[in-house]
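Please look over the structure below before reading on. The report then takes up a few of its packing details.

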Amino acid sequence: VTHDGHVATVEIDRPPFNHVSVELMADLADALETLDGDGKTRAVVLCSAGKAFCAGADLVASDGIASGGMGGIGSLYDQAVRLYSIETPIVVAVQGAAVGAGLGLALVGDFRVAAPEARFTANFVKLGFHPGFGLTHTLPRLIGQHRANLMFLTGRRVKPEDALAWGLVDEIAPLSDLRAAAGRLAQEIAENAPLAVVATRKTLRSDLAAAVRAQTFHEHEQQTLLRVTDDYAEG
């Protein structure tokens, strides 16, 4: 976590793919909650190191999130609810692949700035799995039900120019200028009256965290059913 005036930059650095884990998401939620209460941070840039923004959850590694069964995934979704409960506006800088739960993480932010190299993928059906991380609520809310259906049911990779047209991305910036561009957007938010920004954001996001909690409960049920199938083993 670093600061530049009223803007904080929070960087995820878990090479090589920045896979999500319960510990990582808990640490991220802790960091963002600290920024919520520090009295000086008015906007956050969320970014990650390496080529991939976040390649999602590692479902196959012996030490991956699903190695101990579905309990780890349920705990991950508890952290997702914490992330959606953050009060400070978040601008996400996406430099590469945002896949599965990594796409879900990108949607935690209020806005997304993407490099031309970025790709957005809800590839769950290719793995014989059900979408998670609250995506079945947050993605249609952002880009509309039909386009969300297209992403979910094809598992296709969406390029930044299409993501921009759909409203999934707010700006495309060269990789060399990506974090600076995200910082400029965060600064544009931070220069406004902070109490008014927080109050307005609460109104606009209203019951989003509660909706994510309810949706992840359903997603977890479906994932639990699918995890024991031959399709999942093959995927």
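## Basis

This is a predicted model. Residues are numbered from 1 along each chain as its sequence is written.

## Helices H1 and H2

Two packed helices are described by the angle between their axes and the distance between the axes. Helix H1 covers residues 22-36 and helix H2 residues 71-84. They pack at about 15°, and their axes are 9 Å apart. Angles under 35 degrees count as roughly parallel, so H1 is roughly parallel to H2. Their crossing is left-handed.

From H1, the contact uses Val22, Met25, Ala26, Leu28, Ala29, Asp30, Leu32 and Glu33. From H2 come Gly72, Ser75, Leu76, Gln79, Arg82 and Leu83. By class, the contact residues are eight nonpolar, three polar and three charged.

## Helices H3 and H4

Helix H3 spans residues 101-108, and helix H4 spans 135-143. Their axes come within 10 Å and cross at roughly 55°. H3 and H4 are therefore oblique to each other. H3 passes H4 in a left-handed crossing.

On the H3 side, the contact residues are Leu103, Gly104 and Leu107. They meet Leu135, Thr138, Leu139 and Leu142 of H4. Five of the residues in this contact are nonpolar and two are polar. No charged residue takes part.

## The aromatic pair

A search of the whole structure turns up one aromatic pair. The partners are Phe129 and Tyr232, with ring centres 5.0 Å apart. Their planes stand at 50°, so the pair is tilted.

Where do Phe129 and Tyr232 lie? Phe129 is in the loop between strand E7 (119-121) and helix H4, while Tyr232 belongs to helix H10 (residues 230-234). The pair therefore ties together parts that are 103 residues apart in sequence.

Are the two residues buried or exposed? Phe129 has 5% relative accessibility and counts as buried. Tyr232 is buried too, with a relative accessible area of 13%. Buried means under 20% relative accessible area.

## Gly96

Gly96 sits in the loop between strand E4 (90-94) and strand E5 (97-99). Its relative accessibility is 3%, so Gly96 counts as buried.

Which residues does Gly96 touch, leaving aside those up to four places away in sequence? They are Lys51, Ala52, Phe53, Glu117, Ala118 and Arg119. Gly96 and Ser48 are 48 residues apart in sequence. In space, C-alpha to C-alpha, Gly96 and Ser48 are 9.5 Å apart.

Notes:
Predicted model: local features only at pLDDT ≥ 70, side-chain atom pairs only at ≥ 80, totals over all residues. Heavy atoms only, no water. Phe/Tyr/Trp six-rings, centres within 6.5 Å; stacked < 30°, edge-to-face > 60°. Helix = DSSP H or I, 4+ residues; strand = E, 2+ residues; numbered from the N terminus. Buried < 20%, exposed > 50% of the residue type's maximum accessible area, 1.4 Å probe, protein only. Axes fitted to C-alpha atoms, helices over the stretch in contact; angles between N-to-C directions. Parallel < 35°, antiparallel > 145°, perpendicular 65-115°, else oblique. Left-handed = near helix turned anticlockwise from the far one by under 90°. Contact = heavy atoms within 4.5 Å. Nonpolar A, V, L, I, M, F, W, Y, C, P; charged D, E, K, R; others polar.
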